[in-house]
Amino acid sequence: MKTTMSTLPGKAAIAGIGATEFSKRSGRTELRLAVEAVRAALADAGLTASDVDGLVTFTMDTNSEIAVARELGIPRLSFFSRINFGGGAACATVQQAAMAVATGIAEVVVCYRAFNERSGHRFGRVSAAAAAAPTSNGIDASWSYPMGLGTPAADVAMFARRYQHVYGATSEDFGRVAVAGRRHAAVNPNAWFHGKPITLEDHQTSRWVVEPLHLLDCCQESDGGVALVVTSAQRAKDLPHPPAVIAAAAQGSGPDQFVMTSYYRDDLLGLPEMRIVGDQLWAQSGLRPGDIATAVLYDHFTPFVLVQLEELGFCGPGEAREFIAGGAIEMGGRLPVNTHGGQLGEAYIHGMNGIAEAVRQIRGTSCNQVGGPVLVTAGTGVPTSGLIVTGPGID
Amino acid sequence: MNSIEAEAGRLKALGESEPRLARDPVNEPMINNWVEALGDRNPAYPKFAPPAMVQVWTMYGLNGVRDADDPLGAMSKVLDAAGFTSVVATNCEQTYHRYLRPGEQLAVTTRLSDVVGPKRTALGEGWFVTTVSTWYVDDEPVAEMMFRVLKFRPPEPSGSVLRPLVNQDTEFFWQGTAKRELRIQRCPDCRRLRHPPGPFCPVCGSATPEYVLASGRGSIFSYVVHHHPPIPGKRLPVVIALVELEEGVRMLGELPDVPPDEVWIGQEVVVDWSRVDSELTLPVWRARHD
Ligand SMILES: [Zn+2]
């Protein structure tokens, strides 16, 4: 494997987090949600719009950087960037911001993601537009959509079935991820499923969406927005909250990579793109899996949480089910996962709400407080990204 | 709906169909075969016939043709014409008045008892059709059967199949499916096979890909059963299989004829063709039984 010394670790920090409420019907435009989230994040960081000189979002976000800048009254932008591949972009927006800050291209960069994903365009439905996109992605989609495989749940279910077949994992093994997420969400007042834990039996009796995935293997669909303020670790020290220092930030795409349908590789048991992310996170931070106190693992569908635990080295291939059954991902376990409730329990904001949770863990303000270092991942099944954040003591 | 109810009323008013004679009288060889197949060692047989055999005596046989005045057949035609084309039996209750003995000659009549609907069911909107059959020996009724079916409208797939985007790099594949040929891209230089195809060979860089014809045979590498949400042009639930062709490449396709709980990884399949319209033919998989 190729390892290059990175000069990024420790240079930048997340100094502010902000969010709208998480709902099923926001009742307002996506632009309004985006601006509300950015305003909240700036207030949290003790900064104003005129401090901002960079904006980063997802390619999929419908709110242009210039529209957000106009509404906020940002007079001057020197950096704006967008990351492709759906939820795989989440941690990469922070990486973009950190690189801009570390190189002096910008001083304060805000990463944002806002949508009416439940009341507006729902990603869980079959997207005729994605299938007909006049791009190489549209051509790629032609090998799955016309054949009847056309939703993210179905795409993941194809991997999950093979994973079950080879490793002997069961639906209950997937279900334990949802049970843990909902248990964590139950004590998070901002979670949609606050006060609503589930049992493994609830999971098993929930209806099929795409076998082998039950309804409760699938994350919710949400309206809302999240924003993160990234600035230099130096400047962050003088801001109100303890900075969440970016100890590592990486993107990854694997061999023969497709969007959700990388079915043509040797096996369907792993997420090579996540291993590429993980290898960089360990190399940049100098940390090992044993050093990580808690993780925010992208949980649009439960099976890929198991695969991520394996690809990131928290357990061996095929061993995640035992790791999870032993209680490792719950509070008090070896590696509490998704302490905010994840996208299964808190909200589906394309992974950005998970980064905010990592910052709360560093600040000591999570509803399920564990501490750092925290590893965060972005969308799975797609080219993806990851972060490790630590307190200011580690560099 | 009116025409369904009117037709039901007319058929009910016709009452019992003409008696139809059993092909053979009640007989010991048939009783022996039946009790042997069912493992019924009751010593009363074959001196008497098992009561549950009553329907056996008046079956149409392999090449039988339903009587023109059979009310279930007539009512089914009416419902078929109204789009309620699928059928599932829901209830069957038999009443026996006495044992039958070898040598007795049975006849059966059927009347339409009830047609109730339209009802929303898990299978789709439909009508419950109830008939009552009576078996006679001469003028003596010896057994009756209430038989109920649901004739339902299979849920229509919403929209039409999503069409592939086709360009110069991929048109060979779709031109192939139109001719019922499964084509796999092959590099002319390093001979590597590849699916999905692209303009270059990722191994040796050749820019002039060719194709070979696949045998169409392969085995299921993984599969899903899609229940929710709707897929344009597909009737749910639908099985979508990722098949590893014997040439070594993998390909997705629907597996339309195998019930979801009878699909397994490793199952042998062969390609077949689903013609959507004059522009588009999709490959699908069929289970292979050779
Ligand atoms: Zn080649």
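How many residues stand between β12(B) and β13(B) in the hairpin that they form? The hairpin has two residues between its strands. The points below start from the model itself and come back to this hairpin.

1. Basis of the note. This is a predicted model, in which local features need pLDDT of at least 70 and side-chain atom pairs count only at pLDDT 80 or more, while totals for chains, interfaces and linings use all residues. Residues are numbered from 1 along each chain as its sequence is written, and chains are lettered from A and ligands numbered from 1 in the order in which they are written. Helices (H or I, at least four residues) and strands (E, at least two) are DSSP runs, numbered from the N terminus.

2. Record annotations. UniProt, in an unreviewed entry, places "domain: Thiolase C-terminal" at residues 265-371 of chain A. That span is 42% helix and 3% strand, and its end C-alpha atoms lie 37 Å apart. For chain B, an unreviewed UniProt entry places "domain: ChsH2 C-terminal OB-fold" at residues 211-273. Residues 211-273 of chain B are 0% helix and 51% strand, with the end C-alpha atoms 19 Å apart. UniProt positions are given in the numbering used here, feature names are shortened, and annotations may be inferred rather than shown by experiment.

3. Where the chains touch. In the model, 31 residues of chain B are in contact with 32 residues of chain A; two residues are in contact if their C-beta atoms, placed from the backbone, lie within 7 Å. On the chain B side, the elements that give two or more residues are β9 (217-226), β10 (238-245) and β11 (250-254). Of these, β9(B) gives the most, with six residues. The chain B side divides into 19 nonpolar, eight polar and four charged residues. Here Ala, Val, Leu, Ile, Met, Phe, Trp, Tyr, Cys and Pro count as nonpolar, Asp, Glu, Lys and Arg as charged, and the others, Gly among them, as polar.

4. Strand β5 (residues 208-211) of chain A pairs with β9(B) in the antiparallel sense over two bridges. Two strands pair if DSSP finds at least two bridges between them. In this pair, A:Val210 stands opposite B:His226 of β9(B).

5. Within chain B, three bridges join β9(B) to strand β12 (residues 268-277), and the two run antiparallel. B:Ser219 stands opposite B:Glu268 in β12(B). Eight bridges then join β12(B) to strand β13 (residues 280-287) of chain B, again antiparallel. B:Ser274 stands opposite B:Leu282 in β13(B). These are the two strands of the opening question, β12(B) and β13(B), which form the hairpin.

6. The five-stranded sheet of chain B. This open sheet has the order β1-β3-β4-β5-β2, with antiparallel pairing. At the edges stand β1 (20-21) and β2 (86-96) of chain B, each with a single partner strand, so one side of each is left without a neighbour in the sheet. Strand β4 (residues 124-137) and strand β5 (residues 140-152) of chain B are joined by twelve bridges.

7. The three-stranded sheet of chain B. The order of this open sheet is β7-β6-β8, with antiparallel pairing. Its edge strands, β7 (193-194) and β8 (210-213) of chain B, each pair on one side only. Strand β6 (residues 183-186) of chain B pairs with β8(B) over four bridges. B:Ile184 has B:Val212 in β8(B) as its bridge partner.

8. An open helix. Of the eleven residues of helix α2 (residues 28-38) of chain B, the number buried is one, so α2(B) lies largely in the open. A residue is buried if 20 or more other C-beta atoms lie within 10 Å of its own, exposed if 12 or fewer, and partly exposed in between, with C-beta atoms placed from the backbone. B:Gly39 follows α2(B) and has a positive phi, near 70°.

9. A buried glycine. A:Gly372 lies in the loop between α14 (352-363) and β10 (374-377) of chain A. A:Gly372 is buried, with 24 other C-beta atoms within 10 Å. Leaving aside neighbours within four places in sequence, A:Gly372 is in contact with residues including A:Ala293, A:Gln361 and A:Val389.
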